[in-house]
Number of protein chains: 2
Amino acid sequence: MADLIDFGGWPLLSLLDAPLKEKILSAGRRLAFADGALIHSRGDASPGLSLIIEGAVRFGLIGEAGDYIEMSLLGAGHCFGEATLFAGLPRAYDASAIGETHLRELSPQIVARLIDDEPDFAHALLRATTRRLYDALEFSHDLRRLPSYVHAAKLIASMLKSAGDPNSVAARQSDLADTLGLSRVQMGACLKRLEGEGLIRLGYGRIHVDDAARLSVWLAAHDATVA
Amino acid sequence: MADLIDFGGWPLLSLLDAPLKEKILSAGRRLAFADGALIHSRGDASPGLSLIIEGAVRFGLIGEAGDYIEMSLLGAGHCFGEATLFAGLPRAYDASAIGETHLRELSPQIVARLIDDEPDFAHALLRATTRRLYDALEFSHDLRRLPSYVHAAKLIASMLKSAGDPNSVAARQSDLADTLGLSRVQMGACLKRLEGEGLIRLGYGRIHVDDAARLSVWLAAHDATVA
DNA sequence: GTAAGAATGTCAAGTATTTTATATTTGAGG
DNA sequence: CCTCAAATATAAAATACTTGACATTCTTAC
C-alpha cells in the first residue's frame, strides 16, 4: 500500500527551509502510533496541527453498513488538523496510522505564535492548504465529469508518480474502489477495460503500467491530464 | 438566484478588522464586470488574488457537450485566485459575474508583502482557505455517500441558512441540479420525493421550507447534518 | 387578458452502477 | 508442495441516473 501515500500535493515540511523546520519541529509534542492505530475519530474536538515525521496516515470514514470510504492518504512531511485550528471545526475523518508512525503536534497557541513570528511558515501553510483545496475541487469535479474507467486511469497515473516502482502500483482493486467511491465489482470492470486498451496489466495486489507515457497520452485524449 | 450565493464558508473580508481591510482594499486594482461578463477562463495563467467588493462570481465549467457543471458561487467579501498565487496553478474554472460586480485585484508581490507585514491577514487567509477545503472535502464525500435526494435536502438546508427569506430558497431546479451534478429530471424526482415526505413545497423558481427545524431533524436522521 | 418564454412535470428507453453470490486464481506459511 | 486465506473474476438481478421528447403550468411583458 505504500504507493498510495502522498499522491498529489506538496508536503508542508518540504516548503520550509532547514532552520525554520527545526524550530517548528522542536516546538511540537512527540506522538507515536503503531501500524493501524487510531489517531483520531470523526467528531473529536481537540484542536492541533499535526506534522507527519515518519510513516503515513490514512483518512476515511466507515459508513453505517461497514463500508469504507477513503478520503486521502498523507505521508511524511504532510500536516493535518488545520481545520481544527483555523476553522474551529471537529475532526472530519477517522485517521489511522499506516506503518510505525511518528507525529509532532503543535498546540493552537504555538501555531498562532509561529504565524505571527515567521511569515515563511504562514506562506508555506497557505501553499500547502491551497494546493490541497485545488486537488479536492478537481477530484470532485472528476467524480462527476469523468466516466469511471477514465477516473480510474487517472488515479493509477497519479499513484504512479509517487510510487517507488516506476512501472507498477501496489494496490488492491478494493483500495482503488474505496478511493474513488466505486464498488469493487465496478472497479474490476474499469480495470479490465483499461487492460483491454493495453494501458495496464492486472496483477495480484498490483497494477502494472508498462508504458506510462502512453497512459498520459490516453488520459489527455480523454480530457483528464494528471497535474 | 441570490440565495445560492455565499452558501457555506466565511468571507475573507469579514475576518479582517476595519483598518486592515481598508489597507488591503486600497492596495488593489479596481475591476468592474457587467452581469454575466466573463472574468477569467479555465487555463488562464495570470496570477492574482481577487476580492469581491460587490456582486458575486459564479465558478464552473462547460463540458464538451455544452453541459454546465457549477463548482461554487462566491458573494461579496469572498476572495478567489489563491491557487494562482500560492500553488502557481492556472485558473481551474471559468468565472463570470452575477450582477454588476466589482473586484479588487492584488498582485502576487502585494500579497506577499501583506503576508509578511500583517500576520492577521495571513491568519484570515488561512481561516478562509481551510474552511473552504473542509467544505470541498465534505461535498465530495457527500457526493459518494449520500443518496441523491438526501444530498438535495442538504443543499436546500444549507442554502436556507444564507437566504434572505428564512422559509424559502430562490433557485430553479436546474440550478440545484447543476450544483449537485445531477440531471434536471433526477433533481425533479428528488424534490418530489422530499415534497412527499412533507419537508418542502415546490414552487416556480423557488423551494419552500415551512419547517426548517423538521428538515434538520430529518437530515440528522439520514446522517447528513449541515455544518 | 393574452401571448410568449421560462420553468416544471412526466414518460420511456438506454446506460451505469450496486448488490449478492459463487467460482477461480494467487501468494504465503507451514 | 500443499493448504488456506486473500484477492480477483464473473454473472444476474435490481436500482439509479441520463437523455430526449413532449405536455403542462407559471410569470412577465405587452
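A: With the element names: helices (H or I, at least four residues) and strands (E, at least two) are DSSP runs, numbered from the N terminus. By that numbering, B:Asp223 is found in the segment after helix 8 (212-221) of chain B, and A:Asp223 is in the segment after helix 8 (212-221) of chain A. Residues are numbered from 1 along each chain as its sequence is written, while chains are lettered from A and ligands numbered from 1 in the order in which they are written. This is a predicted model, in which local features need pLDDT of at least 70, side-chain atom pairs count only at pLDDT 80 or more, and totals for chains, interfaces and linings use all residues.

Q: Is A:Asp223 buried or exposed?
A: The test counts other C-beta atoms, placed from the backbone, within 10 Å of the residue's own: 20 or more is buried, 12 or fewer exposed, and anything in between partly exposed. A:Asp223 has 12 such atoms, so it is exposed. B:Asp223 also has 12 other C-beta atoms within 10 Å and is therefore exposed.

Q: Why does A:Met187 count as buried?
A: Because A:Met187 has 24 C-beta neighbours inside 10 Å. This residue is in helix 7 of chain A.

Q: Which residues does A:Met187 touch?
A: Two residues are in contact if their C-beta atoms, placed from the backbone, lie within 7 Å. Leaving out residues up to four places away in sequence, A:Met187 touches A:Ala152, A:Gln173, A:Leu176, A:Ala177 and A:Leu182. For A:Gln173, the C-alpha to C-alpha distance from A:Met187 is 6.6 Å, at a sequence separation of 14 residues.

Q: At what angle do helix 5 and helix 6 of chain A cross?
A: Axes are lines fitted to C-alpha atoms, for helices over the stretch in contact, and angles run from 0 to 180 degrees between N-to-C directions. Helix 5 (residues 148-161) and helix 6 of chain A cross at roughly 110°, and their axes come within 11 Å. The pair is therefore roughly perpendicular; angles under 35 degrees count as roughly parallel, over 145 as roughly antiparallel, 65 to 115 as roughly perpendicular and the rest as oblique. On the helix 5 side, A:His151, A:Ala152 and A:Leu155 meet A:Leu176, A:Thr179 and A:Leu180 of helix 6.

Q: How do the residues of that contact of helix 5 with helix 6 of chain A divide by class?
A: Ala, Val, Leu, Ile, Met, Phe, Trp, Tyr, Cys and Pro count as nonpolar, Asp, Glu, Lys and Arg as charged, and the others, Gly among them, as polar. The contact has four nonpolar, two polar and no charged residues.

Q: How far apart are the axes of helix 5 and helix 7 in chain B?
A: They are 9 Å apart, with a packing angle of about 75°. That makes helix 5 of chain B roughly perpendicular to helix 7 of chain B. By class, their contact holds seven nonpolar, two polar and one charged residues.

Q: How many residues does the contact between the chains take from each of them?
A: Chain B and chain A give 34 residues each. On the side of chain B that touches chain A, the largest share comes from helix 4 of chain B, with 21 residues. That side has 18 nonpolar, seven polar and nine charged residues.

Q: Which residues come nearest to DNA strand D?
A: A residue is near a molecule or strand if its C-beta atom, placed from the backbone, lies within 6 Å of it. Of the 15 residues around DNA strand D, the nearest are A:Gln173, B:Ser148, B:Ser183, B:Gln186 and B:Tyr204. Helix 7 of chain A gives the most to this surface, three residues.

Q: And which come nearest to DNA strand C?
A: Of the 15 residues there, A:Ser183, A:Val185, A:Gln186, A:Tyr204 and B:Gln173 do. The largest share of the surface near DNA strand C is three residues, from helix 7 of chain B. Its classes are six nonpolar, seven polar and two charged.
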